[in-house]
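Subject: A structure for you to look through

Dear colleague,

I am passing on the structure that we talked about, and I would be glad if you kept it open while you read. My notes come after it.

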Amino acid sequence: MSAFNKELAHLVAMCDTNMPFIGLRVELSQMEIPHQGVQVEGDGCSHAIRILKIPPSKGVGEETRQALERSLLDCTFRLQGRNNRTWVAELVLANCPLNSTHSKEQASTRHVYLTYENPLSEPVGGRKVVEMFLNDWSAISQLYQCVLVFSRSLPEMPSYLSLFSEIRLYNYRKLVLCYGSTKGSSVTIQWNSSTQRFHLSLGTVGPNSGCSNCHNIILHQLQEMFNKTPTVVQLLQVLSDTQAPLNAINKLPTVPMLGLTQRTNTAYQCFSILPQSPTHIRLAFRNMYCIDIYCRSRGVVAIRDGAYSLFDNTKIVEGFYPAPGLKTFLNMFVDSNQDARRRSVNEDDNPPSPVGGDIMDTLMSQFQAQQQQQQTMRGGPGGVYPPLTSPPTPYHPNVAPSPSMMPTQSPGTIHASGSPSGALRAPSPFGPTPSPSSLGIAMGPTSFASPHGALDPSSPYAMVSGPSPGARIHGMLRPLHECSGAMPSSMPPPRKLPQRSWAASIPTILTHNALHVLLLPSPTPCLVPGLAGSYLCSPLERFLGSVIMRRHLQRIIQLEPNLSIVNSNEPGVIMFKTEVLKCRVALNPKTYQTLQLKVTPENAGPWSQEELQVLEKFFETRVAGPPFKYNTLNAFTKLLGAPTNILRDCVRIMKLELFPDQATQLKWNVQFCLTIPPSAPPIAPPGTIAVVLKSKMLFFLQLTQRLPVPQEPVNIIVPIVYDMATGLTQQADIPRQHSSSGAAALMVSNILKRFNELHPARQGQRHYPYTKNRI
């Protein structure tokens, strides 16, 4: 007789299948969630529990709850898999408020599947599964509320935003929007139940899938803005206003570099990108200069010197220095059709008032009341004046602006024609005066501190020495997303501005195209391509680097005993002299992107005009140009203080470097090393000053072999010692490693010895004949 009982085995199997559903039904009943109990499906081979009504989520409006209840057609729990631990909740919804481009979202009803792994420590069908489901339903409800507002805004959304973005996916759990000219960037919006906040994630799709999204640097600020005002249209507007500026900002070099200062082993970051809000980006250049960029609507940005306090232009933000000439430099990129920027020179004499926004609201209302009173009393022709302010257009009729977008009165328009805010007045003098918010910035109690908080020690910022730029930020204005004036189209000739110390604190309006020209690497203008260095950088970096080098030069002249400063009444000009030369250093007035040296002999000496021009051109292209190193400038000033015969020999070597094609008989190209290169003999750390002037002169030359066929040339670093007393020139005796360059250096040393034997040294003899013979 068989011991196996079929009926008993069937009963045990049925109990094993029903127990998880019984547990889930009990939990639903205890949590007062109405349901239909355990039901048999699929010809009796499966079970399910249907939910009749899902409890409403907290923090969701009544209108959203009712709309979601009407859309929900069915909610069913089922078990999946053999282990009876994986629950699947199927939601069937109709009347989806958004139409996406996804191929699976074209039906009239949508199926949403929510999967839950029952923890091993919990009984199957326990409370944990119900809590996870309610959290997911809360996330669906929160996103649905945001989507409802977005769907009602779509018919009235500006056409340029409709072309800028598309709805790629909406599956009730997340909303994916693709944006950009090629729709290659994406933003995903989800509700995080654990943090009770919306979470944004950025990415790229299609041809851009391997690239980084330019908005990643302001992701934190975008997320804060969206959680404060969860409006999709506002998010798209900000993405549209900031995409082109951020694409340009992302091209700036942010990698720390060595050898920029006297401390050659300390890395300094070139640009630090410090987002302050979704539309306010701060750029810190080498921990010294600060540029504020405000992204505005209609394809323009407002740029100002961030070193100035926003509330008092006579005060400087701690840790930063004003960049002299910045206003004039920026005006070189302003479009000629930007009539709103134009103002008279006299208007630069009146800085904007540092009155706070709330006080200004009161003053403006009183001023308007007085104006209306005067209009009533006068009447008749000519007695009516245009209103003082015009209300700015909001983002969208159905969009509630966030506090960062709310316009508050700026002190700029109190002085109708004498205020610096005249830079941004309306193009037509006959129309109404624009709102104070046309400055693009609204005064409010905001904070300079980055929303990221303290800098992460693992970030590149931590490698930069000196105080972090993020720690110096105290308070800032927030931008509005409206702009007055016509769209510019072409660049004007630079307009000469008076040298006002606070002039750069007034925002300068630039188009996106002009910003790209300002921030993208480009060849140095007004330089022959053969003379330009190999370091390609942006016009902004060239300007700020030149300003830094001019600042370094002032300090070097004070420390150099052979140089003496000469007082100059010209702003931004440094004048000094040696025993025989007068020198004038200033920014190139045409571009403001290079430092130029003008050398004049004190008396009619041995200097030729060609030698002076070589010295000036070498300074502009090899000394004061990119990458703007302090020790390079210091070494050059030491050469300027050298005796005339030595300096003239050095100028001849500089000529061989600048114009190698003029010396066709030479077998080697020569480069005058002002700092010790990395491949030099181990006499000092790389980047150290490579010019020593005492009783003997030590300098370094880099020789590169000229080859008729394209192949890897031989490079030799040769340290030369010139004895001023005896006139003897020889190679410095420095131990080298055994290599091909070491063998070449030994050959150079033998050539020098042979030359000294054939031409005995005498006092006052110059070192240039030795150098020319060697190369």
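What follows is a short account of what was found, going from the whole chain to single residues.

This is a predicted model, in which local features need pLDDT of at least 70 and side-chain atom pairs count only at pLDDT 80 or more, whereas totals for chains, interfaces and linings use all residues. Residues are numbered from 1 along each chain as its sequence is written, and side-chain values use heavy atoms, with hydrogens and water left out.

The whole chain

The secondary structure of the protein chain comes to 15 helices and 27 strands, where helices (H or I, at least four residues) and strands (E, at least two) are DSSP runs numbered from the N terminus. Of the 775 residues in the protein chain, 50% are buried; here buried means under 20% relative accessible area, exposed means over 50%, and partly exposed is in between, with a 1.4 Å probe and protein chains only. The protein chain exposes about 36400 Å², and carbon and sulfur atoms supply 55% of that area; accessible areas come from the Shrake-Rupley method with a 1.4 Å probe, and for residues only the protein chains shown count as cover. If contact is taken as heavy atoms within 4.5 Å, then among contacts between residues at least 6 apart in sequence, 63% join residues at least 24 apart.

The count of disulfides comes to zero, a disulfide being a pair of cysteine sulfur atoms within 2.5 Å.

Salt bridges

Side chains of opposite charge can pair when their charged atoms come close. With a salt bridge defined as a side-chain nitrogen of Lys or Arg within 4 Å of a carboxyl oxygen of Asp or Glu, the count comes to 19.

One of them joins E105 and R110, whose closest N and O atoms are 3.7 Å apart; E105 is buried, with a relative accessible area of 8%, and R110 is buried too, at 7%. Another salt bridge is formed by the side chains of E620 and K617, at 3.7 Å from N to O. Because E620 and K617 are three residues apart in helix 11 (residues 609–623), about one helical turn separates them. In this pair E620 is buried, with a relative accessible area of 8%, while K617 is partly exposed at 26%.

The side chains of E657 and R622 also meet in a salt bridge, at 3.1 Å from N to O. Since E657 lies in helix 13 (residues 644–658) and R622 in helix 11, this pair ties together parts that are 35 residues apart in sequence. E657 is buried, with a relative accessible area of 11%, and R622 is partly exposed at 24%. Elsewhere, salt bridges that share partners join E41, R50, D74, R78 and E90 into one network.

Buried places and their surroundings

V92 is in strand 4 (residues 86–94) and is buried, with a relative accessible area of 11%. Although V92 and D74 are 18 residues apart in sequence, they are 5.1 Å apart in space, C-alpha to C-alpha. Leaving aside neighbours within four places in sequence, the residues in contact with V92 are S71, L72, L73, D74, T109, R110 and H111.

In helix 5 (residues 219–228), Q221, L222, Q223, M225 and F226 are buried, and what covers them includes helix 3 (127–153) and strand 8 (185–192).

Backbone details

Most residues other than glycine have a negative phi, and most peptide bonds are trans. A cis peptide bond, with omega of about 5 degrees, joins P626 and P627, and P627 is found in the loop between helix 11 and helix 12 (630–640). F628 is found in that loop as well and has a positive phi of about 60 degrees although it is not a glycine; F628 is buried at 1% relative accessibility. R298, in the loop between strand 14 (289–296) and strand 15, has a positive phi near 60 degrees and is partly exposed at 48% relative accessibility.
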